[in-house]
Structures are given as C-alpha cells and as structure tokens.
Amino acid sequence: MKKILVTGAFGLVGTDLVLALQEKYGKDNVIAAGLTQIPAGFSGISELADVRDKGRIEELLSRYAITEVYHLAGLLSAGGEKNPNLAWDINLNGLKVILDLAVQYKLKVFWPSSIAVFGPTTPKEKTPQHTILEPSTIYGATKVAGELLCQYYNLKYGLDVRSLRYPGLIAYKAEPGDGTTEYAVSIFYNALRNKPFVCFLKKDAVLPMMYIDDAIRGTIALMDADPKKLTVHTSYNFSAISFSPQEIFDEIKKQVPTLKISYQPDERQKTADSWPKIIDDSFARVDWQWQHEYTLEKMVSEMLKQLKRKLS
Ligand code: AKB
C-alpha cells in the first residue's frame, strides 16, 4: 500500500492534491505537511515541517513508512523576487533534502517545475520541450537547477522522480499564492465580492494557464504512468489553455456584468514578458496520454460556481 507525504500541502496545488490523494488511497495513507500552520477544518493526518530540516523530514518518512513524496513546498515567482536567498534555500536545498532521502528510503518523488524555466530567449509560441532555458527570475533559476538535479538523481541513482512544468494554475479551495499568473485567481474573488479589479499585468499579457482539476488529474496520471514510457527526466511541458487578462475578464463579465477592471502593470509584467504564451506539450500527450478538459469558458463557469459556494 502506498503511504504518501505531501509537502507544501496547504498551498494552491497541495490543497486540491491532498484531497484527491485521500480519495484515491484513503485518508490514513496521506500525510499533509505544511511549514507554519494547519488550516482550520483540515481533515486527515497533518504535520508541521520545514523541508530544509533533513532530520524532521526523515522522522516523518520513517514514522509513517512513506513510499511516495509529492514535494510541493517552494516560493513562487513574485515571492522569490522579494527574497531571492530564501527562494534559493527553500526551492533547492529543500529539494535536495527530499531527493537524498528518497534515494536512501527508495521513494518515488513528484516535484513541480514551472513555465518559469523559460526566459526571454525561449520561443514564445508552441514552446518546445527541448529548448533554451535562460530564465530571468530567481524562481526560474531554481526550477532549471531543480530539473537538472532531478534528472541527475535519476541517471546516477536510478531514482524515480517525475516532474511537470506547471503553467498558471486556477483554483478556488486555497487562496492564491505570490506568483505572476495568480492574478487570474484573484480576479474571481473581486468579481464575487463586487470589487473592481486592478490588474498588475497588461491587458494583452497572454500566458499559459490550466484549471486545477486538470492539473491534479495530470499530476496523478504522470505518477501512475509506466516508467518505461517516460522519455523526459527533467520535467514535462504541460499545457491546457492560454489567455490574457482582458480575455479572462471578458469571459467572467458574461456572468458578472458589474465587474470592472483597470490595468497597473508592475514589476511582475517583466516576468510575464519573459515567459511563453503557448506551450507545446506533445511529449506528455504521447508518453502518458495527457489531455486537458477545461476550456477558458468551462473553467470560468466552474470557478464562479465553486467560489460562490465557498464564499457564501
Ligand atoms: C508563478 O506565477 O510564479 C507560478 C508559476 C507559473 O509557476 N504560478
């Protein structure tokens, strides 16, 4: 039986992933670990742990006889620019702790990379799997280094570590994190709270995005995939839809006609300018049959329905 540790378990991805894993493998087989506090109302096994603390992580691995780790803990692009040293420390030293222990305890690992591995010199349309990786953010630098570290552990130690380059993820259960694509989550809160939305990106800043249900399904599908079929050991391009702030605003406005938007681009626009618009994820589609389900229209309807329920 699988025993799964999820780090960063109460963030935007972790909140949904823990529920999906609990449903698939049973509540007793999923250990949700966070850094500072366990959210009120969380149901299941939870622990506080700093991923840089090897002793603490090892204690959890042995106490629960863990077989798989979904290592989600890390800083995002905007948070990373505020504190580059912390981003390096958590994103890379935390990953190294997990990879070293995974070799020792023979664990399978999932680790999220990001479209942030790409930079201004990368082709922006249909960005290929194998292309130029020269990011201009510290977050992107940690993701490139992390991808290479994962691949190295696979080559050197035979570690089964799998990874996806997440696009901007749209979710409603957890609050948005400190990223660049997170405007596309915050806008829904303003829409339903009747507050005008001030967007920190330009109206035409197209970025790759995905609804959380697709992201969770894809993540678990990659972890379930036959290892012999996997040809990418850095991180898979992983894609669904692309849209600009104006396009998501127009779509939300069809259902919330009172929503107003204005644009005040800040330093996060520079990050957005350095990222691709549309990703080619054909390796994922061929190797493990990845297919997204949510269009922009379907995602907006679902977000509004679910968030309305959550906020009422
Ligand atoms: C961010 O904007 O920093 C993240 C990401 C795309 O990795 N959402």
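Q: Where does His71 lie?
A: In this predicted model, His71 is part of strand E4, which covers residues 68–71.

Q: Buried or exposed?
A: His71 counts as buried, because its relative accessibility is 0% and the cut-off for buried is under 20%.

Q: OK, what does the His71 side chain make a polar contact with?
A: With the side chain of Thr7, at 2.8 Å.

Q: And which residues does His71 touch, leaving out those up to four places away in sequence?
A: Thr7 again, plus Val51, Gly94, Leu95, Ile98, Phe110, Trp111 and Pro112.

Q: Is Lys126 buried or exposed?
A: Lys126 counts as exposed, since its relative accessibility is 63% and exposed means over 50%.

Q: Switching to sheets: what order do E7, E9 and E11 come in?
A: The order is E7-E9-E11, in an open sheet of three strands with mixed pairing.

Q: Which strands stand at the edges?
A: Strand E7 (168–170) and strand E11 (241–243). Each has a single partner strand, so one side of each has no neighbour in the sheet.

Q: How much are neighbouring strands turned against each other?
A: On average by 45 degrees, ignoring direction.

Q: In which sense do E7 and E9 pair, parallel or antiparallel?
A: Parallel, over three bridges, with E9 spanning residues 207–211.

Q: And what stands opposite Ile170?
A: Tyr211 in E9.

Q: Which residues of H9 are buried?
A: Gln269, Thr271, Ala272 and Ser274 are buried in helix H9, which runs over residues 267–274.

Q: What covers them?
A: The cover for the buried residues of H9 includes helix H3 (77–82), and E9 from that sheet is part of it too.

Q: Last topic, how many cavities of 30 Å³ or more?
A: The count is one.

Q: How much space lies in the largest cavity?
A: About 30 Å³.

Q: Which residues line it?
A: The lining of the largest cavity is made up of Val161, Arg162, Ser163, Leu230, Val232, His233 and Thr234.

Methods
Residues numbered from 1 in each chain as written. Predicted model: local features only at pLDDT ≥ 70, side-chain atom pairs only at ≥ 80, totals over all residues. Heavy atoms only, no water. Pairing = 2+ DSSP bridges. Helix = DSSP H or I, 4+ residues; strand = E, 2+ residues; numbered from the N terminus. Axes fitted to C-alpha atoms, helices over the stretch in contact; angles between N-to-C directions. Buried < 20%, exposed > 50% of the residue type's maximum accessible area, 1.4 Å probe, protein only. Polar contact = N/O pair within 3.5 Å; in protein donor to acceptor, adjacent residues only side chain to side chain. Contact = heavy atoms within 4.5 Å. 1 Å grid on protein atoms, 1.4 Å probe; cavity = no way out; pocket = protein on both sides within 12 Å on 5 of 7 lines; lining within 4 Å. Points joined across faces, edges and corners; volume = space filled by probe spheres on them.
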